[in-house]
Amino acid sequence: MSAAHTLELLQAFLAPAGVSGSEQDMAAVVRAAWQGLADEVVISPLGSVHALLRGTSPGSRPKLMACAHLDSVGLIVTGFVGAFLRLGPAGGFDP
């Protein structure tokens with residue numbers, strides 16, 4: 001993977017809003033990125049992206065699962081205090 005491709009992928013991952021409860025845009029980006037890398041890529045009813053890559057060696061073999069969160073911390077401006085912003089949570093947020 002080239003540096004240019006890595007930067008392009010990072011920009012694609014950072015572009016959509018993906019606060020907790022609204023990860024569908026981010027899921028679509030991840031699905032598109034994984035589409036050519038796996039045998040199956042689906043988005044579950046709960047919004048998770050699942051990719052399956054079938055092995056080719058005969059017999060029993062180990063399995064690997066990788067998982068990560070798609071959502072990001074979301075904040076919303078709720079007011080101003082002088083030159084400062086007052087922020088509140090947007091989506092699920094645990095301070």
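The model is a predicted one, in which local features need pLDDT of at least 70 and side-chain atom pairs count only at pLDDT 80 or more, while totals for chains, interfaces and linings use all residues. Residues are numbered from 1 along each chain as its sequence is written, and side-chain values use heavy atoms, with hydrogens and water left out. Helices (DSSP runs of H or I, at least four residues) and strands (runs of E, at least two) are numbered from the N terminus.

**The nonpolar patch**

- V73, L75, V77, F80, L85 and L87 together make a nonpolar surface patch of about 620 Å². Two elements give two or more residues each to the patch: β3 (74-81) and β4 (84-90).
- Such a patch joins nonpolar side chains (Val, Leu, Ile, Met, Phe, Trp, Tyr) within 5 Å, or like charges within 9 Å, from residues with over 30% relative accessible area and no salt bridge. Areas come from the Shrake-Rupley method with a 1.4 Å probe, and for residues only the protein chains shown count as cover.
- V73 sits in the loop between β2 and β3. Is V73 buried or exposed? With a relative accessible area of 58%, V73 is exposed (exposed is over 50%, buried is under 20%, and partly exposed is in between; 1.4 Å probe, protein chains only).

- β3 and β4 pair in the antiparallel sense over seven bridges (pairing needs at least two bridges found by DSSP). Within this pair, V77 of the patch stands opposite L87 in β4.
- Two residues lie between the strands of the β3 and β4 hairpin, where G82 takes a positive phi near 65°.
- Strand β1 (residues 40-43) also pairs in the antiparallel sense with strand β2 (residues 49-52), over four bridges. Here V42 faces H50 in β2.
- The hairpin of β1 and β2 has five residues between its strands, and G47 in that turn has a positive phi of about 95°.

**The core around V30**

- Six residues make up the largest nonpolar core: M26, A27, V30, A38, V41 and V49 (a core is a set of buried Ala, Val, Leu, Ile, Met, Phe, Trp, Tyr and Cys residues joined through side-chain atoms within 4.5 Å). Helix α2 gives the most to this core, with three residues.
- V30 is found in α2 (residues 24-34) and is buried, at a relative accessible area of 5%.
- What does V30 contact, apart from neighbours within four places in sequence? The partners are F13, V49 and L70 (contact means heavy atoms within 4.5 Å).
- V30 and L9 are 21 residues apart along the chain, and 9.5 Å separates their C-alpha atoms.
- As background, nonpolar side chains tend to be buried together in soluble globular proteins.

**The salt bridge**

- The structure holds one salt bridge (a side-chain nitrogen of Lys or Arg within 4 Å of a carboxyl oxygen of Asp or Glu). In this bridge the side chains of E40 and R54 meet at 2.3 Å, N to O.
- E40 belongs to strand β1 and R54 to the loop between β2 and β3, so the pair ties together parts that are 14 residues apart in sequence.
- E40 is partly exposed, at 36% relative accessible area, and R54 also counts as partly exposed, at 46%.
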